[in-house]
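Here is a short briefing on cross-links, backbone geometry and aromatic contacts. Keep the sequence and the model open while you read.

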Amino acid sequence: MTVRRLPLLVLCAVLCGVLCTALSACGLVHAGAGGEGMLGAADLYGAWPSEVSGAHPPLVPAPCPDEPLRSDDDRLDTRAITASMAPGGGDRRFQIYEYVAAYRPGGAQTYLDELGERLGRCQDEEDHYSLVARDIGVPGTMRVQHDRLNDGTETTGVYLVGRAGDQIVSVLESTGGDATLVNELGVRALRRAGATGEATPSIVTHEDTTRWVTYAVSTVTEVRVSRDGRVLTLDARVPDGPDGCLRGPTGRLDGFEPKLVRVDIRFESRLLMAGNGCPGERTVPVEVPLPKPLGERDVVVNLDRLYTLDRPGLLRRCGEPGCHPAPTGCTSDSYYRAARDADAPEHSYHHERGCDGKWLVMDISISGGPVCERPGECAGASRTTRYFYRATPTGRRVIAGTTKPGCGDVLTAEPRFPRELCAALTAP
């Protein structure tokens with residue numbers, strides 16, 4: 001009996017090996033949204049990625065889009081995800097995309113070679129790609145800036161594109177072209193995909209680096225006031241890098257009114273727009289003397305960021321409802337503001353599932369589906385995510401999101417969240 005079964009066992013083992021080898025040779029992209037091999041919530045400052053099409057926006061740079069690429073015939077499989085994220089819990093949000101494509105052996109490098117050639121040749125003024133830096137973290141990477149003119153409005157996106165074996169990995173920030181964030185997430189995505197080696201960035205610049213240009217500080221991490229109330233100290237995030245990257249910053253008092261103080265903070269740089277001329281960031285304290293004690297005045301920084309005294313010596317950033325909003329409670333207005341904090345689209349709808357004043361559980365549903373000529377001809381679809389919130393002085397803030405039942409995901413993020421608000425909840 002044993003002798004008769006042996007050939008069958010051997011045959012199964014051989015077929016198994018052949019199948020595994022074939023799948024490996026195909027190099028298919030098996031990672032799901034946020035799964036192993038692609039960026040996940042831990043990489044994206046807590047943002048939850050979702051899968052998207054690779055066509056809109058183009059998730060790999062596409063100079064001369066009407067010309068087919070030779071490497072297209074070697075592409076086997078693709079996967080793309082996106083997430084809206086706010087690093088460090090700040091108010092500014094960034095739309096991040098990751099695209100991974102598997103190729104036959106040699107195809108990924110062929111694509112990079114073709115992309116490099118086209119970046120130097122294709123010069124569409126209204127849909128322009130430019131190579132600004134190479135070898136960011138991983139050998140062979142390219143950082144590409146995409147400037148596009150759409151109905152008179154110019155938009156800027158920044159890519160980091162590289163190769164991990166026979167896979168092309170592309171990370172895009174489409175909101176405002178934040179190169180520092182793209183460098184960080186792009187290298188992280190390449191490492192997740194299996195890229196190895198270290199590289200020193202090489203700047204590719206077409207900019208004039210002889211002139212000092214003045215910029216407004218875009219991020220202030222903390223605002224303090226001296227014990228006598230006569231000096232404001234603002235911690236400003238500024239670029240960091242070689243000589244010529246930064247001069248300043250300096251603070252200036254623009255107005256001292258009965259209820260408001262206006263402050264302007266600026267710095268100068270020769271290299272900020274020169275590709276990877278300023279690869280890092282650092283925090284610099286900037287002092288602004290006041291003619292009288294601050295008292296109960298609020299502070300406006302660079303015309304758009306408002307701060308108010310929170311406790312002795314420290315100011316806090318005011319939220320969208322203002323510096324002194326109504327207390328956060330279990331009211332319909334509070335739920336509406338919480339949905340807005342989760343960056344819910346305009347036509348989504350929300351449903352409160354549990355609230356005790358400090359903590360909140362709310363389901364947010366986003367409707368979608370095909371466009372129909374007449375009602376009832378095709379069914380729509382809706383995707384619901386459950387969000388958990390904590391009340392803060394400036395309103396409710398998201399601490400976790402999930403599509404699962406119960407309290408597991410929120411307790412991982414915040415062990416103090418009360419179980420009675422979520423333990424009995426089914427999946428949203």
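**Disulfides, backbone and aromatic pairs**

Cys330 and Cys355 are joined by a disulfide, S to S 1.9 Å; the term covers a pair of cysteine sulfur atoms within 2.5 Å. This is a predicted model: local features need pLDDT of at least 70, side-chain atom pairs count only at pLDDT 80 or more, and totals for chains, interfaces and linings use all residues. Residues are numbered from 1 along each chain as its sequence is written, and side-chain values use heavy atoms, with hydrogens and water left out.

**Disulfide Cys330–Cys355**

- The link of Cys330 and Cys355 is left-handed, with -85° about the S-S bond.
- It connects distant parts of the chain, 25 residues apart: Cys330 sits in the loop between strand S17 (314-317) and helix H4 (332-341), and Cys355 in strand S18 (residues 349-355).
- Helices (H or I, at least four residues) and strands (E, at least two) are DSSP runs, numbered from the N terminus.
- Cys330 is partly exposed, with a relative accessible area of 38%.
- On this scale buried means under 20% relative accessible area, exposed over 50%, and partly exposed in between (1.4 Å probe, protein chains only).

**Other disulfides**

- The structure holds four disulfides.
- One of them is formed by Cys64 and Cys122, with sulfur atoms 1.8 Å apart.
- This pair links distant parts of the chain, 58 residues apart: Cys64 in the loop between strand S1 (50-51) and strand S2 (75-85), Cys122 in the loop between helix H2 (107-121) and strand S4 (127-134).
- The link of Cys64 and Cys122 is left-handed, with -120° about the S-S bond.
- Cys122 is buried, at a relative accessible area of 6%.
- Cys245 and Cys278 are also joined by a disulfide, S to S 2.1 Å.
- That pair, too, links distant parts of the chain, 33 residues apart: Cys245 in the loop between strand S11 (231-240) and strand S12 (247-256), Cys278 in the loop between strand S13 (260-269) and strand S14 (280-289).
- Cys245 is buried, with a relative accessible area of 1%, and Cys278 is buried at 9%.

**Backbone geometry**

- Most residues other than glycine have a negative phi, and most peptide bonds are trans.
- The peptide bond from Gly248 to Pro249 is cis, with omega near 5°.
- Pro249 lies in strand S12.
- Cys64 is not a glycine, although its phi is positive at about 50°.
- Asp135, also not a glycine, has a positive phi of about 55°.
- Asp135 is found in the loop between S4 and strand S5 (142-150) and is partly exposed, with a relative accessible area of 26%.

**Aromatic pairs**

- The structure holds four aromatic pairs.
- Rings of Phe, Tyr and Trp (its six-membered ring) pair if their centres lie within 6.5 Å; planes under 30 degrees apart count as stacked, over 60 as edge-to-face and the rest as tilted.
- Tyr215 and Phe267 form a stacked pair, 5.5 Å centre to centre with 20° between the planes.
- It links distant parts of the chain, 52 residues apart: Tyr215 in strand S9 (residues 213-216), Phe267 in strand S13.
- Both Tyr215 and Phe267 are buried.
- Trp359 and Phe417 form an edge-to-face pair, 5.3 Å centre to centre with 70° between the planes.
- Trp359 lies in strand S19 (residues 359-368) and Phe417 in the segment after helix H5 (408-413), so this pair ties together parts that are 58 residues apart in sequence.
- Both Trp359 and Phe417 are buried.
- Trp359, Phe388 and Phe417 form one aromatic cluster.
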